[in-house]
Amino acid sequence: MSSNGSYNLTVDGELRYVVQWFEEWSDFQREDFVPYLVSYLTQQAGGMVYVNGLISAMAQINPGQDKPMSLFQCRVKLFNEWCPKWPEEFKSKLLERLEQSDSAFGARIRTELEANAKPLNGSLEDPDTQLTDTGTARDLEEKSEQAPIGLIVNAEPVIVAPSNAILVADED
């Protein structure tokens, strides 16, 4: 223990704790952990990821409640504090360890990961609407017979006006 009363865990120690906690959790708690785990497994280094509308950082774990957090909530909070500093290879290591503990849960996570695997632009249904590295919105606009065009950028719809549109601004 250090002089300020806190423990200095290695990242390997943190991973072991998460796996141990997982083994202690009920099926309901494991299900509650799914969005946080999927968020961690899908996030790019340094990026925030939204999974089913939940912020991966779990910014408001216990908002507006007078009672203290549960042990489960504390552990999920620690997981969210620890995992951003873990090396990239820990993602597969953690998933492998959890699958060893509960193969059905591992299959559930893999299904979630596949469901969350979406292209950055375009849609899975129509490959002609997907933008490539060399493609631009103008290229897509030229292919389209109707205007305006709806593009999906970071899962937010964006309306692109046709090139002959006139935009008028209010002077308020």
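This briefing describes the fold, the helix packing, the nonpolar core and selected residues of a predicted model. The protein chain has six helices and four strands, and along the sequence these follow the pattern α-α-β-β-α-α-α-α-β-β. Helices (H or I, at least four residues) and strands (E, at least two) are DSSP runs, numbered from the N terminus. Of the 172 residues in the protein chain, 30% count as buried, where buried means under 20% relative accessible area, exposed over 50% and partly exposed in between (1.4 Å probe, protein chains only).

**Basis of the description**

- Residues are numbered from 1 along each chain as its sequence is written, and side-chain values use heavy atoms, with hydrogens and water left out.
- Because the model is predicted, local features need pLDDT of at least 70 and side-chain atom pairs count only at pLDDT 80 or more, whereas totals for chains, interfaces and linings use all residues.
- Contact means heavy atoms within 4.5 Å.
- Among contacts in the protein chain between residues at least 6 apart in sequence, 53% join residues at least 24 apart.

**Conventions for helix packing**

- Two packed helices are described by the angle between their axes and the distance between the axes.
- Axes are lines fitted to C-alpha atoms, for helices over the stretch in contact, and angles run from 0 to 180 degrees between N-to-C directions.
- Angles under 35 degrees count as roughly parallel, over 145 as roughly antiparallel, 65 to 115 as roughly perpendicular and the rest as oblique.
- A crossing is left-handed if the near helix is turned anticlockwise from the far one by less than a right angle, and right-handed if clockwise.
- For residue classes, Ala, Val, Leu, Ile, Met, Phe, Trp, Tyr, Cys and Pro count as nonpolar, Asp, Glu, Lys and Arg as charged, and the others, Gly among them, as polar.

**Helix α1 with α4**

- Helix α1 (residues 11-24) and helix α4 (residues 90-101) have axes that come within 10 Å and cross at roughly 30°; the two are therefore roughly parallel to each other.
- The crossing of α1 and α4 is right-handed.
- On the α1 side, the contact is made by Val11, Asp12, Leu15, Arg16, Val18, Val19, Phe22 and Glu23, and on the α4 side by Phe90, Lys93, Leu94, Arg97, Leu98 and Ser101.
- By class, this contact of α1 with α4 has eight nonpolar, one polar and five charged residues.

**Helix α1 with α3**

- The axes of α1 and α3 are 11 Å apart, and the helices pack at an angle of about 150°; they are therefore roughly antiparallel to each other.
- The crossing of α1 and α3 is left-handed.
- In this contact, Glu14, Tyr17, Val18, Trp21 and Glu24 of α1 meet Arg75, Leu78, Phe79 and Trp82 of α3.
- The residues of the contact of α1 with α3 comprise six nonpolar, no polar and three charged.

**Helix α2 with α5**

- α2 and α5 pack at an angle of about 50° with their axes 10 Å apart, and they are therefore oblique to each other.
- α2 passes α5 in a right-handed crossing.
- Arg30, Glu31, Val34, Leu37, Val38, Leu41 and Thr42 in α2 meet Phe105, Arg108, Ile109, Glu112, Leu113 and Asn116 in α5.
- By class, the contact of α2 with α5 has seven nonpolar, two polar and four charged residues.

**Nonpolar core**

- A nonpolar core is a set of buried Ala, Val, Leu, Ile, Met, Phe, Trp, Tyr and Cys residues joined through side-chain atoms within 4.5 Å.
- Of the 25 residues in the largest nonpolar core, Phe33, Leu37, Tyr40, Phe79, Trp86 and Leu94 touch the most other members.
- Helices α1, α2 (27-42), α3 (71-82), α4 and α5 (103-116) each supply at least two residues of this core, and α2 gives the most, with seven residues.
- Leucine 37 touches Phe79, Leu94, Leu98, Phe105 and Ile109, not counting residues up to four places away in sequence.

**Selected residues**

- Phenylalanine 105 lies in helix α5 and, at 6% relative accessibility, counts as buried.
- Leaving aside neighbours within four places in sequence, phenylalanine 105 is in contact with Phe22, Arg30, Val34, Leu37 and Leu98.
- Asparagine 116, also placed in helix α5, counts as partly exposed at 28% relative accessibility.
- The C-alpha atoms of asparagine 116 and threonine 42, 74 residues apart along the chain, are separated by 8.1 Å.
- Lysine 85 is in the loop between α3 and α4 and touches Val11 and Glu14, not counting residues up to four places away in sequence.
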